[in-house]
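Hi,

Here is the structure I promised to pass on. Have a look at it first, and then read my notes below.

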Amino acid sequence: MLPDPGVCPSLAKVGAPRCASESSCRRIPVSARLAGVGLLIAFLSSLGCVVRAPGVGLNMAEGDTLISVDYEIFGKVQGVFFRKYTQAEGKKLGLVGWVQNTDEGTVQGQLQGPISKVRHMQEWLETKGSPKSHIDRADFRNEKVIVKLDYSDFQIVK
């Protein structure tokens, strides 16, 4: 546990000598402490360490980094209930995000959640889809580590 940055380290122990210089006992602004925590989380995530978003339940991110990824699926994916099955699979995995048809005949969307669950969903999007769909290709872009989820559910956008 880190010492309280608002308390002089010399005063942390009873009977310890006081600071020689009052300037070394200055308080660190909350914004600086929060920025430091954000940098630490980003650094640890880049090393593959576990980062759990504050306020996220144990079922969502315990021991698993949260990520966000955009996707686009090519093939026979419209008119075959692809969006409905995608939403159901995403909800089953505990993911959040959205899915929609495009004017180009593809399906696109965004996934957010624990990395292991997102990877499972990516495989499902590449290989399975809805029963009557035929997937030619799946593109995944803009993958990034996130600290909190941007959505509360998995929605079909019309």
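Is F82 buried or exposed? F82 is buried, at a relative accessible area of 1%, where buried means under 20%, exposed over 50% and partly exposed anything in between, computed with a 1.4 Å probe on protein chains only.

Before the rest, some housekeeping. This is a predicted model, in which local features need pLDDT of at least 70 and side-chain atom pairs count only at pLDDT 80 or more, while totals for chains, interfaces and linings use all residues. Residues are numbered from 1 along each chain as its sequence is written, and side-chain values use heavy atoms, with hydrogens and water left out.

Back to F82. Rings of Phe, Tyr and Trp (its six-membered ring) pair if their centres lie within 6.5 Å; planes under 30 degrees apart count as stacked, over 60 as edge-to-face and the rest as tilted. That rule gives one aromatic pair. It is F82 with W124: the ring centres are 6.2 Å apart and the planes are at 45 degrees, so the pair is tilted. F82 sits in helix 3 (residues 82-93) and W124 in helix 4 (residues 115-127), so the pair ties together parts that are 42 residues apart in sequence. Helices here are DSSP runs (H or I, at least four residues), as are strands (E, at least two), numbered from the N terminus. W124 is buried too, at 8% relative accessibility.

Next, the annotated spot. UniProt, in an unreviewed entry, places the feature "active site" at R83 and N101. The two are spread over 19 residues of sequence but cluster in space, with a largest C-alpha distance of 7.7 Å. Keep in mind that UniProt positions are given in the numbering used here, feature names are shortened, and annotations may be inferred rather than shown by experiment.

R83 lies in helix 3 and is partly exposed at 22% relative accessibility. N101 belongs to strand 2 (residues 96-101) and is partly exposed as well, with a relative accessible area of 29%. What does N101 touch, not counting residues up to four places away in sequence? The answer is Q78, R83, T106 and V107, with contact meaning heavy atoms within 4.5 Å.

Leaving out residues up to four places away in sequence, V107 touches, among others, F82, R83 and N101.

Cheers
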